[in-house]
Amino acid sequence: MSRVEELLRPEIRRMENYQVQPVSGEKLDANESPFSLPAGLKEKLIGWLTEEEDLRVYPDTDCIELREALAEKYGLQKENVLCAVGSDQLIDYLSRAFLSEGDRILVPEPSFSMYSLSAVVNHGEAVAFPLGEDFAYPVETILERCASVRPKILYLCTPNNPTGNVIPEADLRRLIREAGCIVALDEAYGEFCGEDHTAWIQEFPHLVILKTFSKAYGLAGIRTGYALGSEEIICALDKVRAPYNLGTLSQKIALWALRQPEYEAEIHQVVSERDRMYAALQKYNDTHGFSIYPSSANFFLMRFGRENPGQALLDADFLVRAYGGKMRRFVRVTVGRPDQNDRLLRQIVKMIEEDEA
Ligand code: PMP
């Protein structure tokens, strides 16, 4: 073992580095928006850089304007909002603020991997509960686990990544009410299902909702996410926040994006493409081991008869999210532009036909 390895925390030594596939072909692996930059943003950027903006100085550490605009959008106060470098950073802040050595979080499986990763990096431990049939959140099991595991944080993701299903409203409310710990509700894809639970933060001081500009706003490149919660939770997260965490341009662009009306139409188009794809593929369910799962997000999950279907899609020039282990027959595909979706549909049907035993 090298000296560096000797000095490294054992749990970090055992971890794999986060892997992102090299970009090739049609990029449908990361649930990004199919739309290019909104009209006017490039000019705005050039304008800011030439006239107003001074990148010599640090950004507004408190993101005041952006937080005020977000607070207004949701009928809250800026004290209920915290901005960060993607919701990824907020997940890290939650672990930093709430986990002491050996503390546990409770996470759905399958779901977004950053929840567990952030717990391990912050001296905690993630305990997973399996999603039920058709990936439904098993309310009774989760509440039993909350009682026995006594997690500091329960993560709920709706629509869930990678399965696309939403947690029914009554279940969600019951989980939040009875969990007995911090409930982090990840709504990264909330805009695509039309549900929004931000009003609940007035009612539940232990609820924190995570949202992002990376998906519906098509701005994954500016790495901007935000948390909405009680003043108490937001103040706790703010304590562990790195000063000046969010760059000047990210703040400016996010603020500008919030005021653009065209996102509604973009979201509508993604949703109708998603539903078109689902309708076209659903008729193949149970054919040669294929299933497509209904989705309320901007992606959907499919199971194939073969193992590693991601490779055949990659060979056909579609970069998708593939999985190992129990999920090795599954892929998650982002809803793309109509022309990409048409080509993808043809490729998927070809694969289903090839999978005939
Ligand atoms: N939550 C979920 C469920 C996600 O799928 C993602 C990104 N894939 C994130 C959070 C993180 O998003 P970001 O850091 O870009 O805001």
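This is a predicted model: local features need pLDDT of at least 70, side-chain atom pairs count only at pLDDT 80 or more; totals for chains, interfaces and linings use all residues.

**The open sheet**

Four strands make up an open sheet, with antiparallel pairing and the order β9-β10-β13-β12; strands here are DSSP runs of E with at least two residues, helices are runs of H or I with at least four residues, and both are numbered from the N terminus, while two strands pair if DSSP finds at least two bridges between them. At the edges stand β9 (291-292) and β12 (321-322), each with a single partner strand, so one side of each has no neighbour in the sheet. The pairing of β12 with β13, residues 330-334, is antiparallel and runs over two bridges, and A322 stands opposite V331 in β13.

Residues are numbered from 1 along each chain as its sequence is written, and side-chain values use heavy atoms, with hydrogens and water left out.

Turning to the whole protein, the secondary structure comes to 13 helices and 13 strands. The radius of gyration, taken over C-alpha atoms, is 21 Å, close to the 21 Å from the globule rule (2.2 Å times the number of residues to the power 0.38) for 357 residues, so the protein is as compact as a globular protein of that length. Buried residues, meaning those under 20% relative accessible area with a 1.4 Å probe and protein chains only, account for 50% of the 357 residues.
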